[in-house]
Amino acid sequence: LLGIFLFFQFEVRGVKIGLGINPIMPHVYLPGEKYSETPLFTFPIIGSFYFTNTTFGLIVADIIVLLIAWGVARGVKSGKMVLTGIPGAVEALLEMLYGITEGTAGKWTKQIFPWFATITLLVLAANWSGLVPGNETIGIIHEYDGHGYALKQVGPFTTIWDEGKTEADAHAAEGEHAESYAVIPFMRPVSTDLNFTFALAVVAVVMIQVMGFCSQGIAYLWKFWNVGGLFSKPIFGFIDFGVGLLELVSEFSKILSFAFRLFGNLFAGAVLIFVMGSLTKVFAPAMFYLLEFFVGLIQAIVFGMLTMVFMSQATQGHGEHHEEAHA
């Protein structure tokens with residue numbers, strides 16, 4: 001409601017009604033924007049670490065997950081037979097995820113389920129945090145070398161951008177040289193930062209390999225380096241060896257698949273929302289907000305479910321079937 005109030009305005013006989021602030025098209029910037037050019041700290045090999053608006057989005061998502069965990073734990077300790085409200089909804093979601101894991105992973109459910117549930121809840125909180133009104137549109141003015149906006153005086157208290165102004169217009173209006181400005185949003189959904197999706201993908205793929213070694217030991221390596229039949233069965237042995245190399249390539253390609261799927265869907269959704277919000281004020285953005293609500297939910301479950309399925313497959317020996325899991 002606050003977001004609608006801040007950005008809603010209309011014209012009556014040529015007079016704009018609202019807060020006196022003209023909303024503009026937010027600047028589309030792919031990586032997370034830095035709050036300051038001074039790094040928080042610097043590592044010798046890795047480099048400098050800056051606090052960005054997507055880092056703040058990650059902190060918000062982490063806090064949301066911790067609050068959900070605290071709420072569910074408090075509801076369970078209260079002795080209620082049936083949880084209500086948000087804890088009840090989370091309990092229903094976790095029961096559904098546990099049932100899916102149990103039907104796929106079999107005896108490895110207790111080891112795989114925590115990863116499935118944690119990834120799903122974290123990505124879901126990160127995705128839905130982008131639907132908060134004012135997200136990616138309220139921030140800090142800073143100079144920008146590319147296509148920015150000239151500063152325009154609005155009332156006695158603030159300045160905003162005016163895309164239609166030229167430098168000559170701004171110079172005549174303000175009495176000084178106009179520069180190009182953009183805005184650093186205070187917060188961006190961390191799912192729209194490729195650094196987060198790539199890091200989460202690396203964690204997921206590494207844990208897939210860990211589950212493979214935990215279940216099969218060193219024999220798990222035969223999945224990628226199968227040379228047992230090269231001499232006894234030259235033709236089929238060579239085929240098995242080639243399939244193993246393809247499996248190795250497949251493990252690395254999972255990182256790219258995980259990272260770009262989540263990043264692409266959420267970044268495109270964020271751009272779609274504020275583009276439509278700049279074209280129409282209320283009704284059309286509301287429909288796209290609803291669309292992104294379901295996209296955020298689906299992408300969170302897909303990311304977690306793929307991790308769970310790949311972990312379950314890693315627990316199966318090379319050439320084994322899944323009778324145990326179905327049993």
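This briefing walks through a few parts of one protein chain, from its overall make-up to single residues. The model is predicted. The chain's secondary structure amounts to nine helices and eight strands. Of its 327 residues, 36% are buried. Take contacts between residues at least 6 apart in sequence: 65% of these join residues at least 24 apart.

- Helix 4 covers residues 109–129, which is 21 residues. From its first C-alpha to its last it reaches 29 Å, close to the 30 Å expected at 1.5 Å a residue.
- Is helix 4 largely enclosed or largely open? Because 15 of its 21 residues are buried, helix 4 is largely enclosed by the rest of the structure.
- Leaving aside residues up to four places away in sequence, Val123 touches Ser191, Leu200, Leu262 and Ala300.
- Val123 and Ile301 are 178 residues apart in sequence, yet their C-alpha atoms are 8.5 Å apart in space.

**Helix 2**

- Helix 2 spans residues 53–77 and has 25 residues. Its reach from first C-alpha to last is 36 Å, close to the 36 Å expected at 1.5 Å a residue.
- Several residues of helix 2 are buried, among them Gly57, Ala61 and Val65. Asn53, Thr54, Gly71, Val72 and Gly75 are also buried.
- Just after helix 2 comes Gly79, which takes a positive phi of about 85°.

**The second largest pocket**

- The second largest pocket holds about 320 Å³ of space. It is lined by 13 residues, and the closest to its centre are Thr54, Thr55, Asp193, Asn195 and Phe196.
- Which helices each supply at least two residues of this lining? They are helix 2 (53–77) and helix 6 (194–216).
- Sorted by class, the lining has six nonpolar, five polar and two charged residues.

- Glu33 sits in the loop between strand 2 (15–17) and strand 3 (41–43). With a relative accessible area of 7%, Glu33 is buried.
- What does the side chain of Glu33 make polar contacts with? One partner is the side chain of Asn53, at 2.7 Å. Another is the side chain of Arg188, at 3.2 Å.
- Not counting residues up to four places away in sequence, Glu33 touches Phe51, Thr52, Asn53, Ile184, Pro185 and Arg188.
- Arg188 belongs to the loop between strand 8 (181–185) and helix 6. Arg188 is buried, with a relative accessible area of 1%.
- A polar atom of the Arg188 side chain lies 3.0 Å from the backbone oxygen of Thr192.
- The residues that Arg188 touches, again not counting those up to four places away in sequence, include Glu33, Asn53, Thr54, Gly57 and Asp193. Others on that list include Tyr29, Asn135, Glu136 and Phe267.

Key. Residues numbered from 1 in each chain as written. Predicted model: local features only at pLDDT ≥ 70, side-chain atom pairs only at ≥ 80, totals over all residues. Heavy atoms only, no water. Helix = DSSP H or I, 4+ residues; strand = E, 2+ residues; numbered from the N terminus. Expected span 1.5 Å × (residues − 1). Buried < 20%, exposed > 50% of the residue type's maximum accessible area, 1.4 Å probe, protein only. 1 Å grid on protein atoms, 1.4 Å probe; cavity = no way out; pocket = protein on both sides within 12 Å on 5 of 7 lines; lining within 4 Å. Points joined across faces, edges and corners; volume = space filled by probe spheres on them. Nonpolar A, V, L, I, M, F, W, Y, C, P; charged D, E, K, R; others polar. Polar contact = N/O pair within 3.5 Å; in protein donor to acceptor, adjacent residues only side chain to side chain. Contact = heavy atoms within 4.5 Å.
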